Amino acid sequence: VNARIDFEKEAAARFLKQVLKPTDRATVFTISITPRMELQRASSDAAAAKLKSIQATKGPTAFFDTVLEAARYLAGSTPAQHRRVIVVISDGEDNFSERIKAAIGDTAESQRSASVQTQAAAYNRAQSAVEREVQRAEAAFYSINPSGQALKLNIISQRAQDGMARLANATGGNS
């Protein structure tokens, strides 16, 4: 994903400017070792500018924790009868959310040593918890995998892409 970061930032900024109404607000989170709110309830222009300034993160990613944080934020800050949408630009892979670390460890070595079945079970449990929280927030989940079909080369990448599609389908979004 990092190889295409400039394209991703530019595309996301254009997207916000095209779809947000003047009264809509956007909040920007980055997916890193922990969820990080970069900008809170801003106009499309401010959100687009912030997106363009974000630097690529390296290392572990807490995808599930970040989506959970965004859902909780929307549930607590968006008035009733307003649209709640989570748009994620990611490969969907997670190796550092709290549920993943608890199930298979927080080091690359411990995660590699976990069986494929153990990894899949941990991922599915985390996926289900995120799904319930996004539904509870009454948010629609949309995902854009910037690597597209090229990323579907291994079990982890395929599972991540399928997980984002499952989350989108369960919440009325799209992947």
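Two notes on the source. Residues are numbered from 1 along each chain as its sequence is written, and side-chain values use heavy atoms, with hydrogens and water left out. Because the model is predicted, local features need pLDDT of at least 70 and side-chain atom pairs count only at pLDDT 80 or more, while totals for chains, interfaces and linings use all residues.

I will start with a pair of helices. Helices here are DSSP runs of H or I with at least four residues, strands are runs of E with at least two, and both are numbered from the N terminus. In general, two packed helices are described by the angle between their axes and the distance between the axes. The axes of α1 (residues 5-19) and α2 (residues 44-53) come within 9 Å and cross at roughly 175 degrees. That makes α1 roughly antiparallel to α2. Axes are lines fitted to C-alpha atoms, for helices over the stretch in contact, and angles run from 0 to 180 degrees between N-to-C directions. Under 35 degrees counts as roughly parallel, over 145 as roughly antiparallel, 65 to 115 as roughly perpendicular, and the rest as oblique.

Which residues make the contact, meaning heavy atoms within 4.5 Å? On α1 they are K9, E10, A12, A13, L16 and K17, and on α2 they are S44, D45, A47, A48, L51 and K52. By class, this contact has six nonpolar, one polar and five charged residues. Ala, Val, Leu, Ile, Met, Phe, Trp, Tyr, Cys and Pro count as nonpolar, Asp, Glu, Lys and Arg as charged, and the others, Gly among them, as polar.

Next, α6 (116-136). Helix α6 has 21 residues and reaches 30 Å from its first C-alpha to its last, close to the 30 Å expected at 1.5 Å a residue. The expected span is 1.5 Å times one less than the number of residues. Its buried residues include A122, Y123, A126 and V130; buried means under 20% relative accessible area, exposed over 50%, and partly exposed in between, with a 1.4 Å probe and protein chains only. They pack against α3, β3, α4 (98-104), α5 (108-113), β4 and α7. Just after α6, E138 takes a positive phi of about 55 degrees.

Now α7, residues 155-171. Helix α7 has 17 residues and spans 24 Å, close to the 24 Å expected. Among its buried residues are A160, Q161, M164 and L167, and what covers the buried residues includes α3, α6 and β4. What caps the N-terminal end of α7? The cap is N154, with a side-chain oxygen 3.1 Å from the backbone nitrogen of I156. At the other end, just after α7, G172 takes a positive phi of about 85 degrees.

Two asparagines go with this helix. N145 is found in the loop between β4 and α7 and is buried, at 14% relative accessible area. The side chain of N145 makes a polar contact with that of Q161, at 2.7 Å; a polar contact is a pair of N or O atoms within 3.5 Å, and within protein one must be able to donate a hydrogen and the other to accept it, with residues adjacent in sequence counting only if both atoms are side-chain atoms. N174 lies in the segment after α7 and is partly exposed, at 48%. N174 touches F141, Y142, S143 and A168, not counting residues up to four places away in sequence.

Last, R41 in strand β2 (residues 36-42) has a positive phi near 40 degrees.

Technical notes. Contact = heavy atoms within 4.5 Å.
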